[in-house]
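Subject: Structure handover

Hi,

Here is the structure you asked for. My notes follow below it.

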Amino acid sequence: MAVNNIWVFSQANGDEATTASLELLTKARSLGGTVTAFVAGVAGGAVAALADHGAAKVYETGDLAGALPGAAVSAAMQAVIDGGDVPDLIMFPQNYEGRDVLSRLSVKLDRTVLTNSTDITVDGDSVTVQTPIFGGSKLVNSTFTGEAPFLAAFRPKSFEAAGGAGAAGELASAPVPDLGSTGGATVTAVHVEETSGPKLDEAAVVVSGGRGLGEADKFDMVETLAKLLKGAPGASRAIVDAGWVPYSYQVGQTGKVVKPTVYIAAGISGATQHMVGMKGAKNIIAINKDKEAPIFGVADLGIVGDVHKVMPALIAALEARG
Amino acid sequence: MSLMNVIVCVKQIPDPALPGELDPSTNTLKRDGKLILDESDSYGVEMALQLVNTAGEGSVTLVSMAPNDEVSGLRTALAMGAEKAVLVSDPALAGADALTTAKVLAGAVGKAGDYDLIIAGTESSDGYTGTVPEQMAEVLGLPSVGFAKTIAVDGSTVKVDRQTEAGYDEVSCSLPAVVSVTAGVVEPRYPSFKGIMAAKSKPVETVTAADLGVESVSWAQSISSVEDAPAREAGEIIEDDGETFNKIVDFLDNLKVI
């Protein structure tokens, strides 16, 4: 058995395939074999991009009608597998929906899972994923030892999305079967908390604040600096947990992974949880009063000082430049 | 007054304030030192206590798994107000994968008595695979809602605000169900002195995987190697003298972002 049949858990917003889907499809096609996109929901106009990134086949569940994807999409996947299309590997994005579907499917298929990975290699029948631990200072290589299908989840931005595959994108339906007792959860309302300006995970500049800001009001400095640099404001888990800013601001293990040109960490010590989400930035500037803070270990420019002095001076200097 | 019994899955982990270490022979995380209650789980314990309090009657039961019979973390949650605990303690489970963990915890739920709701953290702070709550729900044939930032029980339904990439969804789910909570969902209480004393005598039932009928404790993954990540080149670290903001301006200027 080689790894011939690879599925990618895919999502679309309207007619746009998500970036995470396109990143995984691009990687999947580099591994050889046939690549299938399994769309949670309606594929619509996203089929073209999925095909362009490597999907020879596109399954779509159709409208989930408010059902949470975990139980619904895993059941749809199992139905296709029971029908005879058995993948060797299924790649999931490490996001809310991907993680829920992966978890449910692992029980249905009785297969182990490997999550939080940032790379994958295939050598004959052997599939190995690489996962950063200890804040990204070590990389663990784990190999699946059982029977396929192998189930793995990858952090966003682990791979570059590249089109030009020109795959067929043949559309097939994979309806959700009756879920019985597991189908009891329904979405009744959707709330969006997006900030104005560039999206956090796409911005060229990200300015994040942490506990060192001292109090919630001081997050204004982070917002102001982000705006001056045409960037997005972000936050450490500590201040999200403290209720200073919404969860959608969080950068890190349980938040967003960012890879901007410049990342400015203001009053952030650099907990493992946070570093995982921003270590991939091309340039890192850190301002923190504790010179032993781990964030200085990854900073290209580190200012050991008081954010309440350095930030206002920096903001004033940038405003003066116009 | 209504009856509300909640099971909370908790994990005892090495103190995250200490640097993590891998066992050189197995390449798995060293867990032989003192273990503490995973802070991520304290939110679930607090939420469960509040839900029982709101209902007026019922109890909070802990389920946990450990490779040894460590209970210090469980005592913390018992001191917060949980009534009893089921601990699956089995050296065969050392290094268990998430699927095995979910099967074992689902088995432990069977020992915990009647329940309306199972609460877990979204992911542990040491292994953070992040799949166990949903896997447990699937093993038990229950619906589930992940990443809850609020939970309210209304009769035989639980209403959850679930975090999403862009904000949150309101979700309605039939009970019994599994709900995973994020950190910050509630402010966990500190155990009182009275609570700490009472916790010493609260029942902790210790069982093995075999006691729960989970016979196959093997997992289909192995760590083939561990390597150092490429280090970032050391940067310039300077003490602020009131003028270092100019350094930042120059740095940004060089990168053409201003």
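**Helix H3 of chain A**

In H3(A), the buried residues are A:Pro69, A:Gly70, A:Ala71, A:Ala72, A:Val73, A:Ser74, A:Ala75, A:Ala76, A:Met77 and A:Val80. Buried means 20 or more other C-beta atoms within 10 Å of the residue's own; exposed means 12 or fewer, partly exposed lies in between, and the C-beta atoms are placed from the backbone. Helices (H or I, at least four residues) and strands (E, at least two) are DSSP runs, numbered from the N terminus.

This is a predicted model, where local features need pLDDT of at least 70, side-chain atom pairs count only at pLDDT 80 or more, and totals for chains, interfaces and linings use all residues. Residues are numbered from 1 along each chain as its sequence is written, while chains are lettered from A and ligands numbered from 1 in the order in which they are written.

Ten of the 14 residues of H3(A) are buried, so the helix is largely enclosed by the rest of the structure. Its cover comes from both chains: strand E4 (34–39), strand E5 (57–60) and H4 of chain A, and helix H4 (132–140) and strand E9 (144–154) of chain B, are included. The length of H3 (residues 69–82) of chain A checks out: 14 residues at 1.5 Å a residue should span 20 Å, and the end C-alpha atoms are 19 Å apart, which agrees. The expected span is 1.5 Å times one less than the number of residues. After H3(A) comes A:Gly84, with a positive phi near 115°.

**Chains and domains**

Chain A splits into domain 1 (5–183) and domain 2 (205–321). Those bounds come from an automatic or database domain assignment. The C-alpha centres of the two domains of chain A are 33 Å apart. Seven residues of domain 1 of chain A contact seven residues of domain 2 of chain A. Contact means C-beta atoms, placed from the backbone, within 7 Å.

Chain B has six helices and 15 strands. Its C-alpha trace spans about 65 × 45 × 40 Å along the principal axes. Of its 258 residues, 48% count as buried. In chain B, 72% of the contacts with a separation of 6 or more are between residues 24 or more positions apart.

**Where A meets B**

The contact takes 79 residues from chain A and 65 residues from chain B. Helix H4 (residues 96–109) of chain A gives the most to chain A's side, with nine residues. By class, that side has 35 nonpolar, 30 polar and 14 charged residues. Ala, Val, Leu, Ile, Met, Phe, Trp, Tyr, Cys and Pro count as nonpolar, Asp, Glu, Lys and Arg as charged, and the others, Gly among them, as polar.

Strands also pair across the two chains (pairing needs at least two DSSP bridges). Strand E13 (residues 185–192) of chain A runs antiparallel to strand E11 (residues 167–174) of chain B over seven bridges. There, A:Val192 stands opposite B:Gly167. E10(A) and strand E14 (residues 221–228) of chain B are antiparallel too, joined by seven bridges. A:Asn141 stands opposite B:Ser225 in that strand of chain B.

One open sheet of six strands, with parallel pairing, has the order E15(A)-E14(A)-E16(A)-E17(A)-E18(A)-E15(B). Strand E15 (232–235) of chain A and strand E15 (236–239) of chain B are its edges; each has a single partner strand, so one side of each is left without a neighbour in the sheet. Strand E18 (residues 301–304) of chain A and E15(B) run parallel, joined by four bridges. A:Ile303 stands opposite B:Ile238 there.

**Backbone details**

- Strand E9 (residues 126–133) and strand E10 (residues 138–144) of chain A form six antiparallel bridges. Four residues lie between them in the hairpin, and A:Phe134 in the turn has a positive phi of about 50°.
- A:Ala148 and A:Pro149 are joined by a cis peptide bond, omega about 0°.
- B:Leu175 and B:Pro176 are also joined by a cis peptide bond, omega about -5°. B:Pro176 lies in the loop between E11 and strand E12 (177–181) of chain B.
- A:Asn116 is not a glycine, yet has a positive phi of about 65°. A:Asn116 counts as buried, with 23 C-beta neighbours inside 10 Å.
- A:Lys230 has a positive phi near 50°. A:Lys230 is partly exposed, with 13 other C-beta atoms within 10 Å.

Best wishes

Methods: Two residues are in contact if their C-beta atoms, placed from the backbone, lie within 7 Å.
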